[in-house]
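Colleague: I have the model open and would like to know what stands behind the labels. Please take me through them one at a time.

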Amino acid sequence: MPSRTYSFDEAADKLAQYISEHSRIVFFGGAGTSTESGIPDFRSQDGVFAKQQVYPHAPEIMVSRPFYDRDPEMFYTFYRDKLIHPEAKPNVGHQVLAQLEQQGKLQAVITQNIDGLHQAAGSKEVIELHGSVHRNDCLSCKKRYPLATVLESVSVIPYCPACGGVLKPDVVLYGETLNEQVIADAVRNVEHTDLLIIAGTSLSVQPAASFAQMGSQAATVIINRTSTPFDNAADAVFNHSSGLLLEAAFKRL
Ligand SMILES: [Zn+2]
């Protein structure tokens, strides 16, 4: 179905209608859902990849598992600088999703982000495809630590307070595979949803693209500032900021 262009108000009306007519909503979000919290999009023009000057390698290398294994000190220098944003707060989009879950309308959030902002906003069912900076595992004794342990470490490389082993964030690095259980949870939710809202992602990377296809038996709405390869397959496409649009739609419910 060729999509038409909606003004912000039209989009808010339409999105509110979709939300009110469905009760097993799944929200699939990418980097664009956190940019309104001040976290740069990893792949956008003014994101981390574009601002890359001071580091010796491209970010895809610096946040890869081989690089973590080879040079954990440089990995953590980059990771602390670019990937953790302890000051970031949930934005209105995160808050609306948490409220929709509380009202029993939203069944799960699937996110590509690692910032934990959905949980910070109060969402319970959050499927983190790429892991989270809030979980950090000792590679030696397997003990798990919060972000605070990394932030409060006096050395650049955070070590396990219990055994002295090196900590690794529970974040899927380049060269690592996604957690199978997490994927299974995401698939189950997408298969059982009646409204799939895809937001803040260009749907250019897997598994995001597969989820968009999988959800095709449900109503599918895309909220993204730019076009995606799945726009023609969606029931509606809104080229607006996802947080502001969710807020405007929520107010209309
Ligand atoms: Zn340990």
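Colleague: Which residues of the largest nonpolar core touch the most other members?

Modeller: Leu-15, Phe-27, Ile-197, Val-221, Ile-223 and Phe-238, out of 27 residues in that core. Helix 1 (8-21) gives the largest share, 6 residues. A nonpolar core here is a set of buried Ala, Val, Leu, Ile, Met, Phe, Trp, Tyr and Cys residues joined through side-chain atoms within 4.5 Å. Helices (H or I, at least four residues) and strands (E, at least two) are DSSP runs, numbered from the N terminus. This is a predicted model, in which local features need pLDDT of at least 70 and side-chain atom pairs count only at pLDDT 80 or more, while totals for chains, interfaces and linings use all residues. Residues are numbered from 1 along each chain as its sequence is written, and side-chain values use heavy atoms, with hydrogens and water left out.

Colleague: What does Ile-197 touch?

Modeller: Leaving out residues up to four places away in sequence, Ile-197 touches Leu-15, Ile-19, Ile-25, Val-26, Phe-27, Phe-28, Val-221 and Ile-223. Contact means heavy atoms within 4.5 Å.

Colleague: What makes the four cysteines the donors of the zinc ion?

Modeller: Donors are N, O and S atoms within 2.8 Å of the metal (3.2 Å for Na, K and Ca); water is not among the atoms, so sites may look incomplete. The SG atoms of Cys-138, Cys-141, Cys-160 and Cys-163 lie 2.2 to 2.3 Å from the zinc ion, and these are its protein donors. Their spacing along the chain is C-x2-C-x18-C-x2-C.

Colleague: Why is the arrangement called tetrahedral?

Modeller: Four donors count as tetrahedral if all angles lie between 85 and 135 degrees. The 4 donor atoms around the zinc ion subtend angles of 98 to 117 degrees, so the arrangement is tetrahedral.

Colleague: Where does UniProt place the feature "binding site"?

Modeller: The unreviewed UniProt entry places it at Cys-138, Cys-141, Cys-160 and Cys-163. They span 26 residues in sequence, but no two of their C-alpha atoms are more than 8.4 Å apart, so they gather at one spot.

Colleague: Is Cys-138 buried or exposed?

Modeller: Buried means under 20% relative accessible area, exposed over 50%, partly exposed in between (1.4 Å probe, protein chains only). Cys-138, in strand 4 (residues 131-138), has 1% relative accessibility and therefore counts as buried. Cys-160 has a relative accessible area of 4% and is buried.

Colleague: What does Cys-163 count as?

Modeller: Partly exposed, because its relative accessibility is 42%.

Definitions and conventions
UniProt positions are given in the numbering used here, feature names are shortened, and annotations may be inferred rather than shown by experiment. Four donors count as tetrahedral if all angles lie between 85 and 135 degrees; four count as square planar and six as octahedral if opposite donors are over 155 degrees apart and all others between 65 and 115; anything else is irregular.
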